[in-house]
Amino acid sequence: MSSLNWDDPFAKSPTPHMPPATEETVTASPPVETTQPKPAADATPQVSVEPHDVQPVNVNDKRVINGSTDVNQLAPFKYPWAWEYFLNANKNHWTPLDINMTQDLHDFNHKLTLEEKHVYTNVMAYLTTSDILAMRNIGLAVMEKMTAPELQIYQARQVYEESLHTWTYQHCIETIGLDQSEIYNRYRVVPEIHQKINMANKRLESVMRSDMDLTKPDELEEFVMAYTFFGGIFEGCWFYNGFSPIFALQRRGLMKGTAEQLQYIMRDEVLHASFGIRVVNQIIKEENITLDPAKIQQMWEEADAAEAIYAGYILKDPILGYSLESHMEQFRFIANRRAKQLKHETPFPGAEMALPWLDEQANMRKEKNFFETKVTEYQTGAALKWD
Ligand SMILES: [Fe+2]
Ligand SMILES: [Fe+2]
């Protein structure tokens, strides 16, 4: 193993018997006179020793937002569940390089129909942009507004996971040999994908302001609605719906490497959605606010309309074992579950589970062919629970 070069971590190790290059050996120039004034010998370094609050944080004073306790003190925990999310998130370790994609390359070129290729490439086009949005939402808009460090620490992990997901899609796109610039730009040129991304982007832009004053009712409502959208819809429903057409291919023995990648991502997303919903419910309780039920219902209906347009495009020509109708029914069924967790009225009464195989298919706990895929099971080995 090569030694770490502190000046250039990517530098190759020096050749044995050769002294490492130094400033002196590389540059033969004479030493340059410094123009910096030298401090006077008796100058005292300026360090602030002003009086400050020395009281430890009182757990009862901690708040999700609008708190004034020291955010650099982790304990005492007001939200021990947030720390548990962080510990659990750290049990899911993988990188996209751990999963064998060889068969996917063959499947894409020799087995997928044109309609299935249309589904696969457009799902990738949607997801690549989606995960960048998810990363920016948590990292740039949400984290800075939290006033309890245990919440920020899980969210920091979430930011990393979103970037890992982006790497995963990139790895799939690269391995299969798709045109990267075309795939990444597709959400801009395909209106059916763009409208769905645009809906999320508007929510993000409404809260990505460091001067947002969450003590003002209007601003607070805007923030809570945006977080509800990202936790409940964007991560809680749309990722799930985003992955399901690929799981349908996996069920038929196709694109199994990609599907396995998505299974790992879904593990993370289950935690993200659940954490976001919990934070939203906590804010509503602490800030003693009531969201407008009409605005909530409208948000769900807009999400449904956006999903219908998107799904109508990716499934414009039928593929075996997966239909537009079942996709939309499953969206509404999952939306009702998320709405219940958020204590909303049921947005789509009567929606039924149209894809009963999906939870099991998405689950990691299944027999693996050791020659096809590297087994990188979770430490917990626990079943995936959507509630
Ligand atoms: Fe993600
Ligand atoms: Fe996420």
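Helix 8 passes helix 10 in a right-handed crossing; a crossing takes this name if the near helix is turned clockwise from the far one by less than a right angle, and is left-handed if anticlockwise. Helices here are DSSP runs of H or I with at least four residues, strands are runs of E with at least two, and both are numbered from the N terminus. The model is a predicted one, in which local features need pLDDT of at least 70, side-chain atom pairs count only at pLDDT 80 or more, and totals for chains, interfaces and linings use all residues. Residues are numbered from 1 along each chain as its sequence is written, while chains are lettered from A and ligands numbered from 1 in the order in which they are written.

Two packed helices are described by the angle between their axes and the distance between the axes. For helix 8 (residues 217-251) and helix 10 (residues 293-314), the angle is about 25 degrees and the axes are 11 Å apart. Axes are lines fitted to C-alpha atoms, for helices over the stretch in contact, and angles run from 0 to 180 degrees between N-to-C directions. Helix 8 and helix 10 are therefore roughly parallel to each other, given that angles under 35 degrees count as roughly parallel, over 145 as roughly antiparallel, 65 to 115 as roughly perpendicular and the rest as oblique. From helix 8, Met225, Phe229, Ile233, Cys237, Trp238, Asn241 and Pro245 meet Lys295, Met299, Ala303, Glu307 and Ile314 of helix 10, where a contact needs C-beta atoms, placed from the backbone, within 7 Å. This contact of helix 8 with helix 10 holds nine nonpolar, one polar and two charged residues. In this scheme Ala, Val, Leu, Ile, Met, Phe, Trp, Tyr, Cys and Pro are nonpolar, Asp, Glu, Lys and Arg are charged, and the others, Gly among them, are polar.

Helix 8 also packs with helix 4 (residues 114-142), at an angle of about 155 degrees and with the axes 10 Å apart. That makes helix 4 roughly antiparallel to helix 8, and the crossing of this pair is left-handed. On the helix 4 side, the contact is made by Glu116, Val119, Val123, Tyr126, Leu127, Ser130, Ala134, Asn137 and Val142, and on the helix 8 side by Tyr227, Phe230, Phe234, Glu235, Gly242, Pro245, Ile246 and Leu249. By class, the contact of helix 4 with helix 8 has twelve nonpolar, three polar and two charged residues.

The axes of helix 8 and helix 9 come within 9 Å and cross at roughly 160 degrees, so helix 8 is roughly antiparallel to helix 9. The contact of helix 8 with helix 9 includes 17 nonpolar, eight polar and three charged residues. Helix 8 passes helix 9 in a left-handed crossing.

Stepping back to the whole chain, the secondary structure comes to twelve helices and zero strands. Of the 387 residues, 36% count as buried; a residue is buried if 20 or more other C-beta atoms lie within 10 Å of its own, exposed if 12 or fewer, and partly exposed in between, with C-beta atoms placed from the backbone. Among contacts between residues at least 6 apart in sequence, 76% join residues at least 24 apart.

The largest nonpolar core has 87 residues, and those with the most contacts inside it are Val123, Met124, Leu151, Tyr227, Cys237 and Ile246. The largest share of this core, 17 residues, comes from helix 8. A nonpolar core is a set of buried Ala, Val, Leu, Ile, Met, Phe, Trp, Tyr and Cys residues joined through C-beta atoms within 7 Å. Leucine 151 touches Val64, Tyr79, Ala82, Met146 and Val279, leaving aside residues up to four places away in sequence.

Some backbone details sit in the loops. Alanine 75 and proline 76 are joined by a cis peptide bond, with omega about 5 degrees, and proline 76 lies in the loop between helix 1 (23-26) and helix 2 (80-89). Asparagine 66 is found in the loop between helix 1 and helix 2 and has a positive phi of about 60 degrees although it is not a glycine. Asparagine 66 is partly exposed, with 14 other C-beta atoms within 10 Å.

Methods:
Two residues are in contact if their C-beta atoms, placed from the backbone, lie within 7 Å.
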